[in-house]
Amino acid sequence: MSVQLGLLDDDRPKVFGSDEPAVVIRPSRRARRLILKVVPPFQIELVVPRGTRPADVEAFLSSSRDWIQRARAELEARYPNERRKLPTCIELEAIDARWDVDVVTDDRARAGLTVGAERLELRVPNHDPAAGFEALRQWLLGQGRAHLRPWLAAEAESIGVMPSRVQIRTQRTRWGSCSQHGNISLNAALLLLPKVLVRYLLVHELCHLRHLDHSSRYWRFVAEHDPDYREHDAALAAAWTEIPIWALPS
Ligand SMILES: [Zn+2]
């Protein structure tokens with residue numbers, strides 16, 4: 001393992017090695033010793049006390065080779081390479097919108113997103129690939145607030161119910177939920193799905209405002225507003241595997 005670490009006496013992070021995910025070396029004023037860790041969702045980071053000699057860093061990385069290999073294998077299993085990449089295009093099928101994504105790697109700037117009509121320009125520091133995912137996730141939350149809120153309000157009106165509060169979030173395990181207080185929470189990643197599935201999810205949660213259970217009474221009420229609810233429910237459950245990493249909270 002050979003590496004040009006240069007001087008470690010500035011606070012700029014450095015990328016080590018070409019294997020994926022790379023180990024990002026982060027000099028720290030406060031750290032007392034070298035610490036190797038996994039930073040969600042898929043970054044491996046080595047925190048290095050400021051002023052540590054490059055030879056010591058190299059020796060540490062060399063002695064940690066097994067740990068790094070195991071961490072890489074675990075990350076690879078959880079986030080296969082294809083899913084780890086930043087997208088080249090994003091389609092929000094539910095609202096018939098599509099953007100090409102231009103990724104610009106720029107170490108001087110913070111991560112950021114410029115939104116055009118057909119193009120998203122995503123600036124990502126190369127020591128921090130996860131920052132690109134976070135910028136996209138924030139953008140998706142904004143899209144969710146802009147489109148899912150009014151859509152839910154319209155469906156609520158046609159069903160004849162009224163949620164107390166509506167929250168748009170990104171979630172790992174749920175497309176939506178309805179609390180006993182009548183608060184409805186929606187996953188912004190719904191926008192990536194076909195319209196009929198989003199509509200079904202909205203109907204599903206809104207019908208809980210009438211029946212807060214999954215009783216036959218509840219499903220009869222759902223069927224009045226979405227006769228194909230069984231098919232839609234199954235398709236929604238299966239759609240989890242298609243959510244890209246950037247649309248998940250870290
Ligand atoms: Zn339910």
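**Notes on a predicted model**

1. Strands (E, at least two residues) and helices (H or I, at least four) are DSSP runs, numbered from the N terminus. Keep in mind that this is a predicted model, where local features need pLDDT of at least 70, side-chain atom pairs count only at pLDDT 80 or more, and totals for chains, interfaces and linings use all residues. Residues are numbered from 1 along each chain as its sequence is written.

2. Now the pairing around that spot. E9 and strand E11 (residues 183-187) run parallel, joined over five bridges; two strands count as paired if DSSP finds at least two bridges between them. In general, strands of a sheet pair through backbone hydrogen bonds, either parallel or antiparallel.

3. Zoom out and you get an open sheet of three strands, ordered E9-E11-E10, with mixed pairing. Its edge strands, each pairing on one side only, are E9 (165-169) and E10 (176-178).

4. What lies across E9 and E11? Helix H4 (residues 130-159) does, running at about 145° to E9. Such angles run from 0 to 180 degrees between N-to-C directions, with axes fitted to C-alpha atoms, for helices over the stretch in contact. Contact here means C-beta atoms, placed from the backbone, within 7 Å.

5. On to two other helices: the axes of H5 (residues 195-207) and H7 (residues 229-238) come within 9 Å and cross at roughly 105°. So H5 is roughly perpendicular to H7, a label for angles of 65 to 115 degrees. Among the residues that meet are Tyr200 in H5 and His232 in H7.

Terms used:
Parallel < 35°, antiparallel > 145°, perpendicular 65-115°, else oblique. Contact = placed C-beta atoms within 7 Å.
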